[in-house]
Amino acid sequence: MHELSYITRLVNMALDVSRANGSAPIRKITAEVGAMTGVIPYYLNKYFPEAVESVSDRTNALKDTTLEIISIPVKAHCNTCGAEYEPSRENNYLCPACQSRECRIIAGREFLLRSVELDDAPADTPGATNDSLCRPAAAQK
Ligand SMILES: [Zn+2]
């Protein structure tokens, strides 16, 4: 299951944020997972304790951390008519407005750390929305 490596990456990214803030305890980790990544939120949640366990000898910051996964549906932008739609079997993955197949995927590929809530003040993570940080294609084994 590759979800373990994804969630381990998220945990480590959240720890970096914690460390940059004096190792503040992490209250909540929120991540966005696009439907096209093939990453299943259920397994991210399932492997979360294991990922926490693997770093727990180094830190206590994750003792009371909750994980929230936000699923991002696939969205396409039609190059022919400009419509935005959700490609699905029902619409044959074609643009429902003009039946064109010339589209570009504009959402659904992301795997991002959206925010890390630390114990003191909620902290956003500048730069963490840069999706080159954590692209599924670049995921390590
Ligand atoms: Zn169209």
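Me: How many bridges join strand β1 to strand β2, and do they run parallel or antiparallel?
Reply: Strand β1 (residues 26–34) and strand β2 (residues 66–72) run parallel and are joined by 7 bridges, where strands pair if DSSP finds at least two bridges between them, and strands (E, at least two residues) and helices (H or I, at least four) are DSSP runs numbered from the N terminus. This is a predicted model, in which local features need pLDDT of at least 70, side-chain atom pairs count only at pLDDT 80 or more, and totals for chains, interfaces and linings use all residues. Residues are numbered from 1 along each chain as its sequence is written.

Me: Which residue is the bridge partner of Ala 31 in β2?
Reply: Ala 31 has Ile 69 as its bridge partner there.

Me: OK, helices now. At what angle do α1 and α2 pack?
Reply: Helix α1 (residues 3–20) packs against α2 at about 55 degrees, and their axes are 8 Å apart, with axes being lines fitted to C-alpha atoms over the stretch in contact and angles running from 0 to 180 degrees between N-to-C directions. That makes α1 oblique to α2, since angles under 35 degrees count as roughly parallel, over 145 as roughly antiparallel, 65 to 115 as roughly perpendicular and the rest as oblique.

Me: And the other sheet, what is its strand order?
Reply: It is an open sheet of 3 strands in the order β4-β3-β5, with antiparallel pairing. The edge strands, β4 (84–85) and β5 (103–107), each pair on one side only.

Me: What joins β3 to β5?
Reply: Strand β3 (residues 75–78) runs antiparallel to β5 and is joined to β5 by 4 bridges, and Ala 76 stands opposite Ile 105 in β5.
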